[in-house]
Amino acid sequence: MFRSITAALLLATLSCAPATDGVDGAGLHYVSSGAGPAIIFVHGWTCDTTAWAEQLPEFEDDYQAIALDLPGHGQSAAPVDGVYTMDLFADAVEDVRTEVGAPEVVLVGHSMGVSVIRQYALKYPERVAGLVVVDGGLPLPVDGEAEPAPIPPADSPWREQMIDSMFVDATTPELRARIREMMLQASDEQALAIAMSMRDPARWSDRTIEAPVLAVMASTREMPDPDAYETVIPKLEMLQLPGTGHFLMMEVPEKFNNLMRKFLQDIGY
């Protein structure tokens with residue numbers, strides 16, 4: 001088995017990857033390799049399967065390593081009504097789990113993907129053996145309606161600025177270019193429509209996730225108080241990787257993979 005894989009090779013694999021009929025009219029593309037307990041990797045906003053190029057080959061020897069393109073991302077179709085919600089994304093993950101026949105899964109979510117796997121855990125708790133959060137927000141319950149994020153003006157270079165803010169000095173020029181290319185494939189209109197899913201009130205649920213959760217945060221994130229999650233995520237372990245930016249699983253893959261493997265061992269998966 002290959003122990004590393006380039007983004008170009010992973011894209012080539014994706015082009016002949018299996019697909020499901022999808023949810024709400026959106027056909028879903030995913031990649032799967034290996035056999036054993038299933039791990040499903042869920043990318044972030046305007047990203048795709050190639051965000052996990054350093055994880056899929058690392059875990060395929062011991063697990064069934066799966067990554068999907070969420071609706072409207074990569075090679076997965078957009079929903080027919082153009083509306084993106086956390087339920088839509090969670091149901092897409094469930095569609096892939098059903099397709100591969102995994103009785104339960106560990107879900108790994110990056111950035112927006114954290115909200116997706118959290119919603120999945122709330123909808124399908126019996127299918128979740130554990131969650132791995134990768135530098136994504138874990139919103140706490142709020143009274144009333146959460147303040148929505150502002151919508152940027154259409155004529156500003158907001159996407160390029162947002163992407164550049166995700167890097168740190170240690171992010172190599174090659175990785176910066178690769179991430180920019182991945183994230184700028186969608187049009188501004190598509191990117192904004194997907195971003196609206198982050199306004200979904202479901203993100204601020206007060207329901208409890210009983211599964212064990214490992215949260216690995218970048219050095220640029222202001223770390224929340226883990227005690228604040230005692231009632232909603234009681235089995236939460238949270239740590240921070242020094243010197244890392246938002247795409248830490250791509251910047252320091254060996255460190256991230258080791259942390260994830262230890263978590264899998266700790267929960268007996």
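Helices here are DSSP runs of at least four residues, numbered from the N terminus. One of them, H4, covers residues 112-123 and holds Arg118. Keep in mind that this is a predicted model.

The mean pLDDT of the protein chain is 88, and 85% of its residues reach 70 or more. Residues 1-16 are another story: their pLDDT is below 50, though this stretch still has 29 contacts in the model beyond near neighbours in sequence. Where pLDDT is low, the predicted coordinates should not be read in detail.

**Helix H4 and its arginine**

Start with the helix itself. With 12 residues at 1.5 Å a residue, H4 should span 16 Å, and its end C-alpha atoms are 17 Å apart, which agrees. Of those 12 residues, 11 are buried, so H4 is largely enclosed by the rest of the structure. The buried ones include Met112, Val116, Arg118 and Leu122. Among the elements that cover them are strand E3 (38-42), helix H3 (86-100) and helix H7 (188-195). Strands E5 (105-110) and E6 (128-134) are part of that cover too.

Now for Arg118. Leaving out residues up to four places away in sequence, Arg118 touches Leu138, Pro139, Ala202, Arg203, Trp204, Ser205 and Ile209.

**Salt bridges elsewhere**

The count of salt bridges comes to nine. Here are some of them, with the N to O distance for each pair.

| Pair | Distance |
|---|---|
| Arg97 and Glu94 | 2.8 Å |
| Arg159 and Asp188 | 3.0 Å |
| Lys262 and Asp266 | 2.8 Å |

Arg97 and Glu94 sit three residues apart in helix H3, so about one helical turn separates them. Arg97 counts as buried at 6% relative accessibility, and Glu94 also counts as buried, at 12%.

The Arg159 and Asp188 salt bridge links distant parts of the chain: Arg159 is in helix H5 (residues 158-164) and Asp188 in helix H7, 29 residues apart. Arg159 is buried at 4% relative accessibility, while Asp188, at 31%, counts as partly exposed.

Lys262 and Asp266 are four residues apart in helix H9 (residues 253-266), again about one helical turn. Lys262 is partly exposed, at 47% relative accessibility.

Finally, Glu58, Asp62 and Arg261 are joined in a network of salt bridges.

Technical notes
Residues numbered from 1 in each chain as written. Predicted model: local features only at pLDDT ≥ 70, side-chain atom pairs only at ≥ 80, totals over all residues. Heavy atoms only, no water. Helix = DSSP H or I, 4+ residues; strand = E, 2+ residues; numbered from the N terminus. Contact = heavy atoms within 4.5 Å. pLDDT = per-residue confidence, 0-100. Expected span 1.5 Å × (residues − 1). Buried < 20%, exposed > 50% of the residue type's maximum accessible area, 1.4 Å probe, protein only. Salt bridge = Lys/Arg side-chain N within 4 Å of Asp/Glu carboxyl O.
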